[in-house]
Amino acid sequence: MDSRLREAINRFANSVRSVYNITVPITNIDEVVKTIGGKVELSANSYETYDGRIRKSSDCNFIIEVSENQSDVRKNFTVAHELGHLFLHMGYESNAELWDKQEKEYKREGYSEEEYEANEFAACLLMPSEEYRRVLYDFSDGNEVDVSKIAKYFNVSLPAALNRGRFLGYFE
Ligand SMILES: [Zn+2]
């Protein structure tokens, strides 16, 4: 993904947080989804390969189904990832024409360009750059940073916190 697209996605995620008054760290992502107008459902889809999926719904705008076969922190990222599809690819509250004709169901699965975009959106929604920098300095002793503390603060997995730090230029 080129850096311009990445930055655009980051700005978009910032606007979503500001429009819906979402504060970080996000401790209850189901509540966030409710604020945005949708619903999260847990599913015991042990034979399916995806972690989550999202579809338009007639009674509550959209439903995010999240597999219970993952840790809580991974669930948070999965739900945020599906919100990425909602805003970036389904046109929810941003592109009425696209939203109206939306029939596709998105999953967290595979390695398409849309998957990378949804991951980028999720990382930025959960770990805004300024907050990340603040927390990074809080958890740093001058030369070493305990990334697991950053991950814990943002309720994400260690790899997710590391990736975000790499993108922001703090780690190799
Ligand atoms: Zn996806």
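Colleague: Which residues have the most contacts inside the largest nonpolar core?
Modeller: Val79, Ala80, Phe121, Ala122, Leu125, Leu126 and Val156 have the most contacts inside that core, which has 37 residues. A nonpolar core here is a set of buried Ala, Val, Leu, Ile, Met, Phe, Trp, Tyr and Cys residues joined through C-beta atoms within 7 Å. Buried means that 20 or more other C-beta atoms lie within 10 Å of the residue's own; exposed means 12 or fewer, partly exposed is in between, and C-beta atoms are placed from the backbone.

Colleague: What should I know about the model and its numbering?
Modeller: This is a predicted model, where local features need pLDDT of at least 70, side-chain atom pairs count only at pLDDT 80 or more, and totals for chains, interfaces and linings use all residues. Residues are numbered from 1 along each chain as its sequence is written.

Colleague: What is Val156 in contact with?
Modeller: Leaving aside neighbours within four places in sequence, Val156 is in contact with Val73, Asn76, Phe77, Leu126, Met127, Ala151 and Ala161. Contact means that the C-beta atoms, placed from the backbone, lie within 7 Å.

Colleague: And what do the buried residues of H5 pack against?
Modeller: They pack against H1, H3, H7 and H8. The buried residues in H5 include Glu117, Glu120, Phe121, Cys124 and Leu126.

Colleague: How many residues of H3 are buried?
Modeller: 14 of its 18, so H3 is mostly covered. H3 (residues 72-89) reaches 25 Å from its first C-alpha to its last, close to the 26 Å expected at 1.5 Å a residue; the expected span is 1.5 Å times one less than the number of residues. Just after H3, Gly91 takes a positive phi of about 80 degrees.

Colleague: Which strands does H3 lie across?
Modeller: H3 lies across S1, S2 (52-57), S3 and S4, at about 40 degrees to S2. Axes are lines fitted to C-alpha atoms, for helices over the stretch in contact, and angles run from 0 to 180 degrees between N-to-C directions.

Colleague: What is the strand order in the sheet?
Modeller: S1-S3-S2-S4, an open sheet of four strands with mixed pairing. The edge strands are S1 (39-43) and S4 (106-107), each pairing on one side only. Two strands pair if DSSP finds at least two bridges between them.

Colleague: Is S1 with S3 parallel or antiparallel?
Modeller: Parallel, over five bridges. The bridge partner of Lys39 is Ile63 in S3, and Val40 stands opposite Ile64.

Colleague: What about S2 and S3, parallel or antiparallel?
Modeller: S2 and S3 pair in the antiparallel sense over six bridges, and they form a hairpin with three residues between them. Arg53 stands opposite Glu65 in S3. Five of the seven residues of S3 are buried.

Definitions and conventions. Helices (H or I, at least four residues) and strands (E, at least two) are DSSP runs, numbered from the N terminus. Two residues are in contact if their C-beta atoms, placed from the backbone, lie within 7 Å.
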